[in-house]
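Let us walk through this structure step by step. Keep the sequence and the 3D view side by side.

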Amino acid sequence: MAPRGDSQLAVLAEEVSRCRRCPRLVAWREQVARERRAAFAHEEYWARPLPGFGDPHARALTLGLAPAAHGGNRTGRMFTGDRSGDFLFAALARCGFANQATSRHRDDGLQLFDMWITAAVRCAPPANRPTPTERDTCLPWSARELGLLANVRVLLCLGAFAWDAALRLIAAAAGEAAPPRPRPRFSHGAQFSVARYTLVGCYHPSQQNTFTGRLTPAMIDEILLRVRALAERAS
């Protein structure tokens, strides 16, 4: 029998995958699935919100922006099947958080160790730009998820949007109406602790950042190793 927390995460995942709260996102994710990219014309797209995944006993959580239209929105798993995921999972494998450096589809054997992956917004947004309202509409899902991940102590925020969402998330987890003031600013390597959580900022592994050298393998490895040290220290 699965532990109670694991089964509750499975229930939450099913509820998340049925969400239709944001009309703009519903319309876009389904349009993308109908008008498939030529390279994936033979595939059936997931075209639903994406639940988080990983080690349910993880001490670290990676928070992304939102699924990619032809990545997670196609494969049904965060960061799976796109260039950002290629960069991220290679780094997770190098730093001991994943058993393999690639992630192509939901049943490819990927396992995460001491890491959970989720996103501020669960549906692929047009132009990869969710609105603040869509972020806040997704917040209750993330708050429930974090509540079930009892061991999480470190949140790795990929980009400024995820950083802001994480500040709202930990405020919601603490029963606060708003994020802390003054609000800590995002930067690569930024770190902020409140209550039992520590936030760590990292540039998003988008092609714009990785192709230009704004985010290098050495840079993300340094951040991930810091996340591991912080998680071990907090446990």
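Start with a rule for sheets: two strands pair if DSSP finds at least two bridges between them. Helices (H or I, at least four residues) and strands (E, at least two) are themselves DSSP runs, numbered from the N terminus. Now apply the rule. Strand β2, residues 60-64, and strand β4, residues 154-158, are joined by 4 bridges. The two strands run parallel. Within this pair, L63 stands opposite C157 of β4.

Some ground rules come next. This is a predicted model, in which local features need pLDDT of at least 70, side-chain atom pairs count only at pLDDT 80 or more, and totals for chains, interfaces and linings use all residues. Residues are numbered from 1 along each chain as its sequence is written, and side-chain values use heavy atoms, with hydrogens and water left out.

Step back to the whole chain. The protein chain has 8 helices and 6 strands. Read from the N terminus, the order is α-α-β-β-α-α-β-α-β-α-β-β-α-α.

Where do the strands go? An open sheet of 6 strands takes the order β1-β3-β2-β4-β6-β5, and its pairing is mixed. β1 (53-54) and β5 (191-194) stand at the edges. Each has a single partner strand, so one side of each is left without a neighbour in the sheet.

Now for the overall shape. The radius of gyration is taken over C-alpha atoms, and the globule rule is 2.2 Å times the number of residues to the power 0.38. For 235 residues, a compact globule would come out near 18 Å; the protein chain has 17 Å, which agrees. Its C-alpha atoms fill a box of roughly 45 × 45 × 35 Å along the principal axes.

How much of the chain is buried? Buried means under 20% relative accessible area, exposed over 50%, and partly exposed in between (1.4 Å probe, protein chains only). Buried residues make up 51% of the 235 residues.

Two residues show the contrast. T62 lies in strand β2. Its relative accessible area is 0%, so T62 is buried. Contact means heavy atoms within 4.5 Å. Beyond its neighbours within four places in sequence, T62 is in contact with M115, W116, I117, T118, L156 and L158.

P23 lies in helix α2, residues 23-34. P23 counts as exposed because its relative accessibility is 64%. P23 and E134 are 111 residues apart in sequence, yet 9.7 Å apart in space, C-alpha to C-alpha.
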